[in-house]
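Trainee: Could you show me how to read a structure that I have not seen before?
Mentor: Let us look together, one feature at a time.

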Amino acid sequence: MLFNDLVNSGSIPVVESMLSFTQARHKVLTENIANIDTPGYQTRHLDAKQFQRDLATAVARKREEHTPGLRIESSQQVQQSSDGQLRFMPMREPAENVLFHDKTNARVERQMSMLAENAMMHQTATELLAGRYQSMLKAIRGQI
């Protein structure tokens, strides 16, 4: 009980949610890149800014209500199950300007840029989570 309360409090649930998002977004971006030459393929996306707003709303609600766990409201791109697991549903990405001659809307440079940005977000979240767990491990061992 104490360990569960410790792990599900503070920034840990927030960082874990961010890691889940970046993992799902990475998969979507790599699928977009893999299908860059597929005629008729329409890119999909998970909106990082929208997820960050949803996450900030969930954190604010948790602080106000003093409830355990982190509940993210369902939206077009994310749903949270009763056990707290996040499920992401990528949306078709609207064409920036016009569709290319093969009816695709993908630009490899843009996809690679978003992939690099996503990798940095994932790395940052991983380092934050590792730091939190290292702090708990030090506390358990009695090291300061």
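Predicted model: local features only at pLDDT ≥ 70, side-chain atom pairs only at ≥ 80, totals over all residues.

Mentor: Residues are numbered from 1 along each chain as its sequence is written, and side-chain values use heavy atoms, with hydrogens and water left out.

Trainee: Which residues have the most contacts inside the largest nonpolar core?
Mentor: In soluble globular proteins, nonpolar side chains tend to be buried together. A nonpolar core is a set of buried Ala, Val, Leu, Ile, Met, Phe, Trp, Tyr and Cys residues joined through side-chain atoms within 4.5 Å, where buried means under 20% relative accessible area with a 1.4 Å probe, protein chains only. Here the largest such core has 22 residues, and Met-18, Phe-21, Phe-51, Ile-72 and Phe-88 have the most contacts inside it. The biggest contribution to this core, 7 residues, comes from H2, a helix in the DSSP sense (a run of H or I, at least four residues).

Trainee: Is Asn-32 buried or exposed?
Mentor: Asn-32, which lies in helix H2 (residues 12-34), is buried, with a relative accessible area of 0%. A polar contact is a pair of N or O atoms within 3.5 Å, and within protein one must be able to donate a hydrogen and the other to accept it, while residues adjacent in sequence count only if both atoms are side-chain atoms. The Asn-32 side chain makes such contacts with the side chains of Tyr-41, at 2.9 Å, and Gln-111, at 3.1 Å; Gln-111 is itself among the buried residues of H4.

Definitions and conventions: Helix = DSSP H or I, 4+ residues; strand = E, 2+ residues; numbered from the N terminus. Buried < 20%, exposed > 50% of the residue type's maximum accessible area, 1.4 Å probe, protein only.
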